[in-house]
Amino acid sequence: RDDDMEYDAYYERANLELKPTVNYPKIEGNREVAGSLEYITKELCPPGKPARLMLWSGNCRPSEDAILSAERFGATHLNGGNTILSRRFPGLAAVAPKLTWWDDIMQVYAPNQNEFYYTDGWEGEFHGGFAQVIDTFEMTGTPRRLKPVNVYYHFYSVEHGDALAALRHIYDWCAQQPLHVMWASEYGAIVRDSFNTTLLRSVEEPETWLVQNAGQLRTLRMPVAAGLPDLARCEGVSGWNTEGGLVYIHTTGVPEVKLTMSSNPEIPPHLRSSTGALRWQGGSAREVSFSTHELAAQVVLAGFTPGATWITRIGADLLPLTAAPDGTIRLDVPARTEVLVSPSALNLSRK
């Protein structure tokens, strides 16, 4: 951006000098952003899988025109912010917001930062430096969840053996966590939708809320003191999970959710957690039905009578599953697969 003077004293030019034969004497923003996305989509991406994400480089302070260029192309954009909360950088001042503004244009920040910040500008220490991002993941997850987990690094992280060892250590940690996987482009859309979400509380029923958004933000958070969702009176709610004194409420992605909380609701079968996105068709005492998207998922359903056996159809396969002592049923579901859970095989055969 021409008006960004942060590093002006460090460089003689606003950009790298290109060879005269390139015939590109001055950087043109739309060509760099939309032009790059278009070239990657047409020349490098498989059919039907366009480039959907623009990652800002350098100091990650794009101009308004650059942001609009990405959005006109239909791409999400991401990067910037300096979340490096860790034992080395303790305190909430080391947690950046989810987004910032350039005039009236929104920029979505990356959730957490890359190895450059943890290694003093790639000067070292390489293993003990970036490995501290695990501190960031843990400290922004408890005692209250502030940021998601994202492993963000450059190709030069394999330049040193100890830097590569740090990456392996970080990925090993991630593999042991009950994470919900999503694309970075999805995260960007969620941040936008969270900013634009409207909450309306009923005057006649203070325990009832209307939540309006574009359906990208599909998790709501309430204190446990508010109770649990009364699914019989809710619309667009698939279930919930509790963690750290908070209730994380899952919605189905509809643009208007009716949420009614209760201190003692009836609890039918519902979604507790999933490692991947789901299309939720419904849950009741008679059946639960959903399908996975393009990623496989480990799904935990709750609200069953402990010890009860339910017949489950995963794709074309039928199998009986018995609810655990805590009333849960756990499923490993392949990508793009429909699932139907019913107390009777007869109900499944009628579908």
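**Strands, sheets and cores**

Modeller: E13 and E14 form a hairpin, with four residues between them. This is a predicted model: local features need pLDDT of at least 70, side-chain atom pairs count only at pLDDT 80 or more, and totals for chains, interfaces and linings use all residues. Residues are numbered from 1 along each chain as its sequence is written, and side-chain values use heavy atoms, with hydrogens and water left out.

Biologist: What makes E13 and E14 paired strands?

Modeller: Strands here are DSSP runs of E with at least two residues, helices are runs of H or I with at least four, and both are numbered from the N terminus. Two strands pair if DSSP finds at least two bridges between them. E13 and E14 have five bridges, so they pair, and the sense is antiparallel.

Biologist: What makes E14 mostly covered?

Modeller: Buried means under 20% relative accessible area, exposed over 50%, and partly exposed in between (1.4 Å probe, protein chains only). Five of the five residues of strand E14 (residues 288-292) are buried. Val-288, Phe-290 and Thr-292 lie on one side, and Ser-289 and Ser-291 on the other. Both faces are covered. In a regular strand the side chains alternate between the two faces of the sheet.

Biologist: Why is a group of residues called a nonpolar core?

Modeller: The members must be buried Ala, Val, Leu, Ile, Met, Phe, Trp, Tyr or Cys, joined through side-chain atoms within 4.5 Å. The largest core has 18 residues. Phe-290, Val-299, Leu-301, Phe-304, Leu-331 and Val-341 touch the most other members. E13, E14, strand E15 (297-302), E16, strand E18 (329-333) and E19 each supply at least two residues of this core. A second, separate core of 14 residues includes Ala-94, Ile-134, Ala-166 and Trp-173.

Biologist: What is Leu-301 in contact with?

Modeller: Contact means heavy atoms within 4.5 Å. Neighbours within four places in sequence are left aside, and the partners of Leu-301 then include Trp-280, Phe-290, Leu-331 and Val-341. Leu-271 is also among them, and Leu-271 has Leu-301 in E15 as its bridge partner.

Biologist: Which strands pair with E15?

Modeller: Strand E12 (residues 270-274) pairs with E15 over four bridges, in the antiparallel sense. E18 runs antiparallel to E15 too, joined by five bridges. There, Ala-297 has Val-333 as its bridge partner. Five of the six residues of E15 are buried.

Biologist: How do you know that Thr-260 is buried?

Modeller: Its relative accessibility is 0%, so Thr-260 counts as buried. Thr-260 lies in strand E11, opposite Thr-208. Five bridges join strand E6 (residues 208-212) to strand E11 (residues 256-262).

Biologist: What makes the link between the side chains of Thr-260 and Thr-208 a polar contact?

Modeller: A polar contact is a pair of N or O atoms within 3.5 Å; within protein, one must be able to donate a hydrogen and the other to accept it, and residues adjacent in sequence count only if both atoms are side-chain atoms. The distance here is 2.9 Å, so it falls within the cut-off.

Biologist: Why do E5 and E8 stand at the edges?

Modeller: Four strands form an open antiparallel sheet in the order E5-E6-E11-E8. Strand E5 (198-201) and strand E8 (228-229) each have a single partner strand, so one side of each is left without a neighbour in the sheet.
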